[in-house]
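Reader: I would like a close look at the ligand site in this model. Please take the contacts one at a time, then go on to the backbone.

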Amino acid sequence: MGEYSWPTESQFKAMKEKVSELSGRGTEEVRVVVSPYRICPLGAHIDHQGGNVSAMTVNRGILLGFVPSGNPEVLVHSKQFAGEVKFRVDEAQHPKGIALKNSKIHASESSQIKKYSSWGNYARGALYALQSRGNHISQGFIGYICGSEGMDSSGLSSSAAVGVAYLLALESANNLMISPTENIEYDRVIENEYLGLKNGILDQSAILLSSYGCLTYMDCKTKEHCLIHPPKLLKDNKTEFQKAYKILLAFSGLRQALTTNPGYNYRVAECQEAARILLEASGNVEVEPRLCNVDPEFYEAHKSKLEHDLAKRAEHYFSENMRVRKGLEAWASGNLEEFGKLISASGLSSIKNYECGSEPLIQLYEILLKAPGVFGTRFSGAGFRGCCLAFVDTDHAEKAASFVRKEYLKLQPDLANHIEEKAVLICEAGDCAHVRKYTTH
Ligand code: GLA
């Protein structure tokens, strides 16, 4: 249970055998990157504005088994995606959006870029990030990547988990010692510079910094972070805190990828516009237009200067920052009821103020609010697709899961039938991303 409940011994062994078969090398040479999915109970949609966020990982995610190739070739196969990804670490990588538009790129190079299967973008992006920041990469790897069944495109940040997995594999193959803080920046380079998504650093920070059972807190403006430890026992002095709750993930069946949805970058632009207006009103035109640069008291006094939609985005930012602060206290004192209430309030603000939820996700949120034993719920990730997360009383977790399955099927039969029994998963807290050479069991 806990930090060692994923990957299981048999998942770990199966991965080693698969890579050994693929590479023709012994299983003892295979290393495995364990890169968990993350949840963000409080602090949604404010990382890109330099806000305060809270996060943790779950005991599911990406496994990337690999052996250093002994030459510059990278070769990756995937359980979820067809074909193979093949490139050399001494080839120049170009950011996706810019590379295809750049007329200076030779025609044959440009058609090669188009031919790349898109699931390989994260591997190339990882190489791009490491090289563009001056790291010497001479060795590739032969690898096999697989995500926990049914959980891709689910708002649990499988994309950051994949990006981090490739970074750790390249670094390990090239004997580079890179700190989690540097990897947070490198994954930002993959997403912001290489893929063109204007997201914040919440996802990779959670994946790289989390520690089993703690809530990870991060100030996305200063990048300061810390782990919030809960008490060992609940108020009754008998129940172990970590055993008192489970993390329920309820999937909507909507799978559109974040990078193809204009909604995310559009909301970021609205927040920046709100910041720009408020900063201008305060005579502070020099600073970057991000809501973290607006004084909360100034916002309270001058929020009427914002038109309706921008006012709602700013309200989400300032109220969410406050919920994060209260949430840290609730977690530190082991008050799951209070923590849960804040999560549900955060979910409501995402719906009403940030206006990012799609109908099926809002329905799931409302069902979860009524499910037995649920302390609190909200959508996970950007909220346009994917799943809702909930903290639920361990004793009621199974009952809550079947309640949600039944009720969601009534409202969204097509989507629910598509995902069937995988519609709701009961998970536990996870650990941070790392490379494992030997089994720990
Ligand atoms: C996505 C983005 C993150 C964050 C969340 C919403 O997961 O990648 O940077 O903005 O949405 O909290």
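Author: This is a predicted model. In it, the side chain of Tyr264 places an N or O atom 2.6 Å from an oxygen atom of the ligand. The protein covers 96% of the 310 Å² of accessible area that the ligand has on its own.

As for its location, the ligand sits in the largest cavity. The residues around the ligand include Arg38, Asp47 and Tyr264, along with His45, Ala44, Asn199 and Asp203. Sorted by class, this shell holds four nonpolar, four polar and three charged residues.

His45 lies in the loop between strand 1 (31–39) and strand 2 (52–68). Its phi is positive, about 60 degrees, although His45 is not a glycine. Most residues other than glycine have a negative phi. His45 counts as buried because its relative accessibility is 6%, and the cut-off for buried is under 20%.

Asn175 also has a positive phi, of about 50 degrees, and is not a glycine. Asn175 is in the loop between helix 5 (158–173) and helix 6 (180–194). With a relative accessible area of 67%, Asn175 is exposed.

One peptide bond should be noted as well: Trp6 and Pro7 are joined by a cis bond, with omega about -5 degrees. Pro7 belongs to the segment before helix 1 (9–23).

Technical notes
Residues numbered from 1 in each chain as written. Predicted model: local features only at pLDDT ≥ 70, side-chain atom pairs only at ≥ 80, totals over all residues. Heavy atoms only, no water. Near = heavy atom within 4 Å. Polar contact = N/O pair within 3.5 Å; in protein donor to acceptor, adjacent residues only side chain to side chain. Areas by Shrake-Rupley, 256 points an atom, 1.4 Å probe, with all protein chains shown as cover. 1 Å grid on protein atoms, 1.4 Å probe; cavity = no way out; pocket = protein on both sides within 12 Å on 5 of 7 lines; lining within 4 Å. Sits in = over half its atoms within 2 Å of the grid points. Nonpolar A, V, L, I, M, F, W, Y, C, P; charged D, E, K, R; others polar. Helix = DSSP H or I, 4+ residues; strand = E, 2+ residues; numbered from the N terminus. Buried < 20%, exposed > 50% of the residue type's maximum accessible area, 1.4 Å probe, protein only.
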